[in-house]
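Here is a short report on one protein model. Look over the fold before reading on.

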Amino acid sequence: MRGRDTAVTCDNCGRSVHRPKAVSFEKAINMSTNLHQGNDVKFFERRRVYYCISCAKHKGIFKKKAEQAARNAEKYNY
Ligand SMILES: [Zn+2]
C-alpha cells in the first residue's frame, strides 16, 4: 500500500489488492425472467469488476483488454 490508496477485493478469489495494481474489467450481465410466457422482464447491466493479477492472467483478461483496445483504436482513428 502506498499512501492513501484504497483496496479493492478480487472478484474471483477474494484477495484484497490495492486499486492501481488491480485489473479492472467491464463485464456485461444479461438477465431475464422468461417463464415461457410473453411478459418477461429483461435486465441488462454493465458492471465493473476487479481482479488480482494472477486471476486476470488465468482468466485471459489481458488478452481481452488488448482486443478491446485494438477495436477502440480502429473505431476512433478513422
Ligand atoms: Zn484473484
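Among contacts in the protein chain between residues at least 6 apart in sequence, 48% join residues at least 24 apart. Two residues are in contact if their C-beta atoms, placed from the backbone, lie within 7 Å. This is a predicted model: local features need pLDDT of at least 70, side-chain atom pairs count only at pLDDT 80 or more, and totals for chains, interfaces and linings use all residues. Residues are numbered from 1 along each chain as its sequence is written.

The protein chain has 2 helices and 4 strands. Their order from the N terminus is β-β-β-β-α-α. Helices (H or I, at least four residues) and strands (E, at least two) are DSSP runs, numbered from the N terminus.

Now for burial. A residue is buried if 20 or more other C-beta atoms lie within 10 Å of its own, exposed if 12 or fewer, and partly exposed in between; C-beta atoms are placed from the backbone. Of the 78 residues of the protein chain, 8% count as buried. Two elements compare as follows.

| Element | Residues | Length | Buried residues |
|---|---|---|---|
| Strand β3 | 23-32 | 10 residues | 0 residues |

Strand β3 pairs with β4 (residues 42-51) in the antiparallel sense, over 10 bridges. Two strands pair if DSSP finds at least two bridges between them. V23 stands opposite Y51 in β4.

K42 also sits in β4. K42 is exposed, with 9 other C-beta atoms within 10 Å. K42 and S32 are 10 residues apart in sequence, yet 4.3 Å apart in space, C-alpha to C-alpha.
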